[in-house]
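This report covers a metal site and a ligand site. The sequence and structure are shown first.

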Amino acid sequence: MAKPIRIAPSILAADFSRLAEEVQAIDEAGADYVHLDVMDGHFVPNISFGPSVIKSLRNCTDKVFDVHLMIAPVDPYLEAFADAGAQIITFHWEAGAHSHRTMQAIRALGCKVGMALNPATPAEVVAPLIEDLDLILVMTVNPGFGGQSYIVRMAEKIAKFRQMIDETGRDIDLEVDGGISFDTAGKAIEAGADVLVAGTATFRGGPAQYAANIARMRAGD
Ligand code: DX5
Ligand code: ZN
């Protein structure tokens, strides 16, 4: 069942000195999810923000908080992110040896369960767990930084997941993250993605441009 294309602006590209206004602006501009990139300087070579920042933004919008954890270990921090208002918690398959335990912990906290894969990780590793997932995130850059170039050859992995998800008949988001722009949004949609994370391309040009930026990516042109 085809779902509408949803846009998830990553606030990593927002003006951090005005985060509350930036979140309100993307809400009004038509964002579907608010994508929150958590980086620990260990799993990825960059540090961003943690649960207290997310909690402080929670009353700025009713949009879905889509929390992307680029941290290891994952499990000790899950409760803090659920308490901060995360509705989807996505962790990396590469972050630890016990993915299924992490998935159960996220579910027990009442959140939707997402799994992210680095570019080098094949889609097949998700097969044994797919029935218990609500979201699969295909990294189309190496995680850690905004503003990198889209890795075109990830199309094959996106298409593979499209097929795997459709075979389950379950309502699983297929999200792509990294280097999404007016040029690459259409490629990701064509391959089968239905949620596009976009940092740089959403926030380019300042608040007056956000609605047009989001609409253009959603249209895939
Ligand atoms: C990368 C993050 C992305 C990033 C996307 O590690 O997971 O969400 O912010 O940024 P752009 O859209 O600028 O590539
Ligand atoms: Zn992300």
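## Metal and ligand sites

Asp-37 has 4% relative accessibility and therefore counts as buried (under 20% relative accessible area; exposed is over 50%, partly exposed in between; 1.4 Å probe, protein chains only). Asp-177, at 8%, is buried as well. The model is predicted: local features need pLDDT of at least 70, side-chain atom pairs count only at pLDDT 80 or more, and totals for chains, interfaces and linings use all residues. Residues are numbered from 1 along each chain as its sequence is written, chains are lettered from A and ligands numbered from 1 in the order written, and side-chain values use heavy atoms, without hydrogens and water.

The zinc ion (ligand 2) is coordinated at 2.0 to 2.3 Å by His-35 (NE2), Asp-37 (OD), His-68 (ND1) and Asp-177 (OD). Donors are N, O and S atoms within 2.8 Å of the metal (3.2 Å for Na, K and Ca); water is not among the atoms, so sites may look incomplete. The spacing of these donor residues in sequence is H-x1-D-x30-H-x108-D. Asp-37, in strand S2 (residues 33-39), and Asp-177, in strand S7 (residues 173-177), link parts of the chain 140 residues apart; strands are DSSP runs (E, at least two residues), numbered from the N terminus.

| Residue | Residue atom | Distance to an oxygen atom of ligand 1 |
|---|---|---|
| Asp-177 | polar side-chain atom | 2.6 Å |
| Gly-147 | polar backbone atom | 2.8 Å |
| Gly-179 | backbone N or O atom | 2.8 Å |

Taken alone, ligand 1 exposes 380 Å², and the protein buries 99% of that (Shrake-Rupley method, 1.4 Å probe).

Note on methods
Helices (H or I, at least four residues) and strands (E, at least two) are DSSP runs, numbered from the N terminus. A polar contact is a pair of N or O atoms within 3.5 Å; within protein, one must be able to donate a hydrogen and the other to accept it, and residues adjacent in sequence count only if both atoms are side-chain atoms.
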